[in-house]
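Q: I am new to this structure and would like a close look at a single part of it. Please keep the explanation plain.

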Amino acid sequence: MLFRGIFLAVQALQLAGALDLPAGSCTFEESTCGFDSVFEFLPWILNEEGHYIYVDTSFAKQGEKAVLLSSDLQAEEWSCLRLVYQITTSSGSSSEPSQLNLYVRFEDESFDRLLWSAKEPSDSWLIASLDLQNSSKKFKILIEGVLGQGNTASIALFEIKMTTGYCIECDFEENHLCGFVNRWNPNVNWFVGGGNIRNSHSILPQDHTFKNELGHYMYVDSVYIKHFQEVAQLISPMTTAPMSGCLSFYYQLQQGNDNSFVVYTRDAAGQYEEIWKMGNPGNAAWNLAEMEFSAPYPMEVIFEVAFNGPRGGYVALDDISFSPVPCQNQTEILFSAVEASCNFEEDLCNFYQDKEGPGWTRVKVKPNMYRAGDHTSGLGYYLLANTKFTSQPGYIGRLYGPSLPGNLQYCLRFYYAIYGFLKMSDTLAVYIFEENHVVQEKIWSVLESPRGVWMQAEITFKKPMPAKVVFMSLCKSFWDCGLVALDDITVELGSCWSPEKLPSPPGECTFEQDECSFTQERRNRSSWHRKRGETPTSYTGPKGDHTTGVGYYMYIEASHMVYGQKAQLLSRPLRGVAGRHCLTFFYHMYGAGTGLLSVYLKKEGDTEEPLLWRRRGEQSISWLRALIEYSCERQHQIIFEAIRGVSIRSDIAIDDIKFQAGPCAELEDITQQSSGYSEDLNEIEY
């Protein structure tokens with residue numbers, strides 16, 4: 001075991017908080033403080049001498065897991081959950097490392113939400129800092145340790161602490177320094193100052209928190225500088241929930257003429273942005289600094305000090321705090337993802353058209369075997385630019401989005417489908433129109449894609465000034481025109497791709513990576529298959545998936561089955577909770593011989609499987625959305641069953657399955673709007 005060497009590092013922290021621990025916290029000195037091992041899995045072992053709990057391969061095998069579950073918790077105010085842990089492994093056995101996962105289990109959800117995961121081994125303890133947004137819902141913390149390869153693989157937990165406040169806040173009074181870390185430099189680094197620490201050649205100040213020598217702060221001293229502009233960086237924990245407001249801290253410096261003090265943000269892709277820079281050095285006492293801070297996606301805050309030489313004195317930092325209220329109560333332009341997005345079911349939302357030309361038309365197509373419906377549900381509205389009815393080549397449609405605040409990174413997603421057109425290139429293009437300039441910049445255009453398939457496009461962009469997104473449909477010549485369809489436009493803050501993104505929660509599955517947690521009792525040619533692109537048999541099955549148009553879905557291949565043969569796809573066991581649940585998914589039933597698609601509820605301990613939803617025969621060439629509202633207070637599974645029809649043109653597909661707590665929000669609206677399509681809505685209670 002490699003844990004003995006880290007006891008002294010965490011002992012002071014543990015003893016200081018052991019007498020008065022907030023709910024959801026534990027130092028594992030004499031007990032597990034209301035955290036219990038889940039009976040169905042390996043137990044977490046409390047070390048005989050206290051200090052930590054652990055699971056290792058001395059009593060367990062590779063792949064086995066231990067699960068720790070808290071009592072009921074509530075975070076009515078924003079809270080920070082800190083986890084002190086260590087993962088160790090045998091040398092040379094990193095192919096399958098141990099993994100530590102942390103989930104949040106809300107009382108009204110039948111699945112657990114993955115909040116954080118780690119599998120990097122270390123020879124000392126590490127700290128994870130996780131923001132928990134305020135909520136009136138009760139929840140539990142679930143910590144899962146999965147043992148990896150090797151005879152000495154182990155996972156240890158030294159402390160769990162949940163406190164009110166934000167994880168980027170810190171007064172540096174505790175040993176873990178709130179998860180802030182120094183980026184090591186041979187000559188200049190951030191150190192802890194105050195208390196009994198006397199390791200600097202400079203005369204350091206009293207701390208700001210307690211206004212005496214007992215408190216602590218962070219400082220950088222220039223005395224060891226050997227090169228021009230050597231840099232010291234103090235890095236905050238990565239934010240794990242969107243936040244926006246005023247970031248403040250106190251700083252003090254000595255001989256400030258020869259140093260630079262700057263604060264940056266850094267996202268998961270490594271992009272830096274300066275948010276504050278020291279101007280006038282101020283007085284010798286502690287100075288307050290305030291700046292606007294917006295972290296709509298995961299970000300770190302970096303405090304950077306650079307000295308020109310060894311006589312630059314010191315820079316000290318203390319009492320970092322955050323408020324969701326803007327600094328100085330100033331009014332800022334806020335971004336709203338709802339206002340910047342549209343599925344065109346009701347109207348054009350906040351989008352508008354250029355007055356010239358026939359432009360875009362909001363249309364609705366009744367599902368049939370020849371024309372695809374919209375992307376949102378298969379039954380709703382989308383926008384159509386019909387260049388067949390214009391004899392004038394050139395731009396025939398401009399669709400403008402709402403104004404977006406400048407200096408923010410955005411992810412634009414939308415779905416498009418192209419019909420006709422001999423040459424598809426540039427038939428649809430996206431431009432950025434900066435409101436202070438006349439010039440429009442093209443950021444995306446169609447090259448080649450399957451015709452008649454809803455395709456997803458993703459674009460990341462950032463402009464310094466307020467800007468609008470403009471969709472343009474182009475007819476190059478009178479003889480080469482067609483249809484361009486547009487639907488489900490969304491705009492979110494952050495990059496469309498981030499290395500820090502967690503996998504989808506267990507309640508969602510797009511089948512892009514794998515089959516998620518769905519299982520089958522048997523696997524052969526007549527089972528459900530994960531597929532990409534068109535199915536082998538003509539005049540049946542989808543041309544592409546629903547998620548992106550080029551991704552994966554699950555389907556049955558009718559040519560491998562006989563009439564009446566069935567295939568079942570089972571969800572993972574779902575926890576029974578009180579209240580209603582909403583199950584949504586998309587299904588594709590196209591082909592003259594299409595059979596039957598049913599959804600059943602399988603309750604633990606019951607032999608009967610009540611029917612929740614069913615469709616029989618050919619439905620549409622489009623992906624159609626199904627909404628099922630049901631209740632079940634016992635552990636259960638959902639079964640998707642497809643039965644092969646009378647001919648090989650009987651492929652059935654499903655995609656984009658999602659479980660949500662509470663009733664289906666769109667159930668009532670869709671029932672009123674869909675008239676003849678009300679059979680797609682089911683409301684079952686058990």
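Is Tyr382 buried or exposed, and what is its relative accessibility?

A: This is a predicted model. In it, Tyr382 has a relative accessibility of 2%. The cut-off for buried is under 20% relative accessible area, so Tyr382 counts as buried.

The structure holds 37 aromatic pairs. One of them joins Tyr382 to Trp454 in an edge-to-face arrangement, with 5.6 Å centre to centre and 85° between the planes. This pair links distant parts of the chain, as its two members are 72 residues apart. Tyr382 belongs to strand 24, residues 381-386, while Trp454 is in the loop between strand 28 (440-445) and strand 29 (455-463). With a relative accessible area of 10%, Trp454 also falls under the 20% cut-off and is therefore buried.

Another aromatic pair is made by Tyr553 and Tyr555. Their rings are edge-to-face as well, at 6.0 Å centre to centre and with 65° between the planes. Both of these tyrosines are buried.

Arg362 lies over the face of Tyr381, 3.8 Å from the ring centre. Likewise, the charged end of Lys137 sits over the ring of Phe106, at 5.5 Å from its centre.

Technical notes. Residues are numbered from 1 along each chain as its sequence is written. This is a predicted model: local features need pLDDT of at least 70, side-chain atom pairs count only at pLDDT 80 or more; totals for chains, interfaces and linings use all residues. Side-chain values use heavy atoms; hydrogens and water are left out. Rings of Phe, Tyr and Trp (its six-membered ring) pair if their centres lie within 6.5 Å; planes under 30 degrees apart count as stacked, over 60 as edge-to-face and the rest as tilted. Helices (H or I, at least four residues) and strands (E, at least two) are DSSP runs, numbered from the N terminus. Buried means under 20% relative accessible area, exposed over 50%, partly exposed in between (1.4 Å probe, protein chains only). A charge sits over a ring if NZ of Lys or CZ of Arg is within 6 Å of the ring centre and within 35 degrees of the ring normal.
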